[in-house]
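Student: Could you take one part of this model and walk me through it closely? I'd like to hear what it packs against, too.

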Amino acid sequence: MDTAGRIRFGGLVAGLSLSLALTPTFLRGIAAPVLYLSLVVTVLVGEVLLPRPERVRRNTATLEVRRIRDFAPRAALRGVVALAIVFAVLGAVAAVLAGTLAGTIRVYGGWGLMGVLPSIAVVLAIGTLTAWAGLRLVARAPRAGGADEPPGDNMWRRRTTATIIAADGVLASVSVIGAVAAIGYFYSGAIAVLGPVAVLAVLSLGWYSIMLVRPVAADPPPQAPAPPGAQPAATQRVAQPAADATSIPAPVER
């Protein structure tokens, strides 16, 4: 684990610990923003400490289209999208339940975790927008390194993209876990139904946490298939004219 990984690990542990400590108190409303700020600060500090290929002056301009999906780990990116959709569904269910419980004796003691869901939703939305903006900046940043050395620049983009997606994945996983806990606070029977969702969210939290500490490089872009009948470059041979078996060497004059 490098220095940037240690910083991200410390920020992740501190953010999760402080959020859990604030949840049972009257300050539970700032638990989600604390986790978000902890992730943002540690990711930014880690990226500043990590080296990037040095930019060089070029005399010619090149037109190159770089997209987020060219550098993002596909499975991790799809996981974040899936977690956001699950949270949106759980948030809608919680809103319906809150409407049925309004004015009843069950809420006289306070909404508990149900009252934290709006702040979690806002923080998740802001975190996702922040991650998207960061991924866009990384993908469209000017090319660094010499013209003959693009691998170093691409490695930096894949590493930073994976780190941003991992941080957003941690935030989305915690949001789903919080939504399940909020619904189960009022309806204990819902835990039996939403239990598998909570387990998957916990597993996702562990996966994204490991990925945040040690980012995984994105999948390489697919290569275009070779035309039928084409041989690999290593096996190509230049055809040489065959010698005529009937040819007679010219006489040598003495």
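**A serine and its surroundings**

Tutor: Let's start with serine 209, which is buried, at a relative accessible area of 15% (buried is under 20%, exposed over 50%, partly exposed in between, with a 1.4 Å probe and protein chains only). Bear in mind that this is a predicted model, where local features need pLDDT of at least 70 and side-chain atom pairs count only at pLDDT 80 or more, while totals for chains, interfaces and linings use all residues. Residues are numbered from 1 along each chain as its sequence is written, and side-chain values use heavy atoms, with hydrogens and water left out.

Serine 209 sits in helix 6 (residues 190-213); helices are DSSP runs of H or I, at least four residues, numbered from the N terminus. Leaving aside residues up to four places away in sequence, serine 209 touches Leu12 and Val170, a contact being heavy atoms within 4.5 Å.

Leu12 takes us to helix 1, where the buried residues are Ala4, Gly5, Arg8, Gly11, Leu12, Gly15, Ser19 and Leu22. Seen down the axis, they fall within an arc of 140 degrees, so they line one face of helix 1; the arc is that of the directions from the helix axis to the C-beta atoms. Arg6 and Leu20, on the other side of helix 1, are exposed.

Not counting residues up to four places away in sequence, serine 38 touches Gly11, Leu12 and Gly15.

Note on methods. Helices (H or I, at least four residues) and strands (E, at least two) are DSSP runs, numbered from the N terminus.
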